[in-house]
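Biologist: I would like to go through this model by question and answer. Could we take it step by step?

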Amino acid sequence: IFSGAALCFRICSKMSALKEVIVDLSVVPIGKDISMSHCIACCTKIIGESGLAHITGPMGTCIEGEWGEVMGLVNKCFEALQKDHERAMITMKVDYRKGGRLTSMPQAVAQCQQQCQQHCEEQCH
């Protein structure tokens, strides 16, 4: 019997390689302690050591890379959660563009900020 995340990982691993994705990952351990900082620090360390591009924010971490690499990293975080917690909530949002490369995370943020500023200059006076 597979857990939901392990089953998802096994299915997703069979998808063809070299699909660039950006995944917004959020993990919430449930149980033991009120504080989540130890668990979050553990997952952040795993992600940081992966070598994949990532941006950590207050509600999750965006990870950029090839589908299999990113899903493998999500699985490592899941396995780390299982060591200390009987229950956890993991939320993922995936951005994928068929036939083309995604805009890198820093570029996407810069473009968004530029467009917001331009819109504000045009509309907010």
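**Helices, strands and core**

Biologist: In which helix does Cys42 lie?
Modeller: Helices (DSSP runs of H or I, at least four residues) and strands (E, at least two) are numbered from the N terminus. By that numbering, Cys42 lies in helix α2.

Biologist: What kind of model is this?
Modeller: Residues are numbered from 1 along each chain as its sequence is written, and side-chain values use heavy atoms, with hydrogens and water left out. Local features need pLDDT of at least 70, side-chain atom pairs count only at pLDDT 80 or more, and totals for chains, interfaces and linings use all residues; the model is predicted.

Biologist: In what order do the elements run from the N terminus on?
Modeller: The protein has 4 helices and 4 strands. From the N terminus on, their order is α-β-α-β-β-α-β-α.

Biologist: Is Cys39 buried or exposed?
Modeller: Cys39 is also placed in helix α2. Buried means under 20% relative accessible area, exposed over 50%, and partly exposed in between (1.4 Å probe, protein chains only). Cys39 has a relative accessible area of 7%, so it is buried.

Biologist: And how does Cys42 count?
Modeller: Take the cut-offs again. The relative accessibility of Cys42 is 31%. Cys42 therefore counts as partly exposed.

Biologist: How are α2 and α3 oriented to each other?
Modeller: Axes are lines fitted to C-alpha atoms, for helices over the stretch in contact, and angles run from 0 to 180 degrees between N-to-C directions. The axes of α2 (residues 37-49) and α3 (residues 67-84) come within 10 Å and cross at roughly 150°. Angles under 35 degrees count as roughly parallel, over 145 as roughly antiparallel, 65 to 115 as roughly perpendicular and the rest as oblique. So α2 and α3 are roughly antiparallel.

Biologist: How far apart are Cys42 and Ala80 in space?
Modeller: Along the sequence, 38 residues separate Cys42 and Ala80. In space, C-alpha to C-alpha, they are separated by 7.4 Å.

Biologist: Which residues have the most contacts inside the largest nonpolar core?
Modeller: A nonpolar core is a set of buried Ala, Val, Leu, Ile, Met, Phe, Trp, Tyr and Cys residues joined through side-chain atoms within 4.5 Å. The largest has 18 residues. Those with the most contacts inside it are Leu25, Ile63 and Val70.

Biologist: Which element gives the most to this core?
Modeller: β1 (20-30), α2 and α3 each supply at least two of its residues. With 8 residues, the element that gives the most is α3.

Biologist: What does Ile63 contact?
Modeller: Neighbours within four places in sequence are left aside. The contacts of Ile63 include Val21, Leu25, Ile47, Val70, Leu73 and Met105.

Biologist: Is Glu64 buried or exposed?
Modeller: Glu64 lies in strand β3 (residues 60-66). Beyond four places in sequence, it touches Val21, Leu52 and Val70, among others. Its relative accessible area is 11%, so Glu64 is buried.

Biologist: What share of the protein's residues counts as buried?
Modeller: The protein has 125 residues. The same cut-off as before applies. The buried share is 26%.

Technical notes: Contact = heavy atoms within 4.5 Å.
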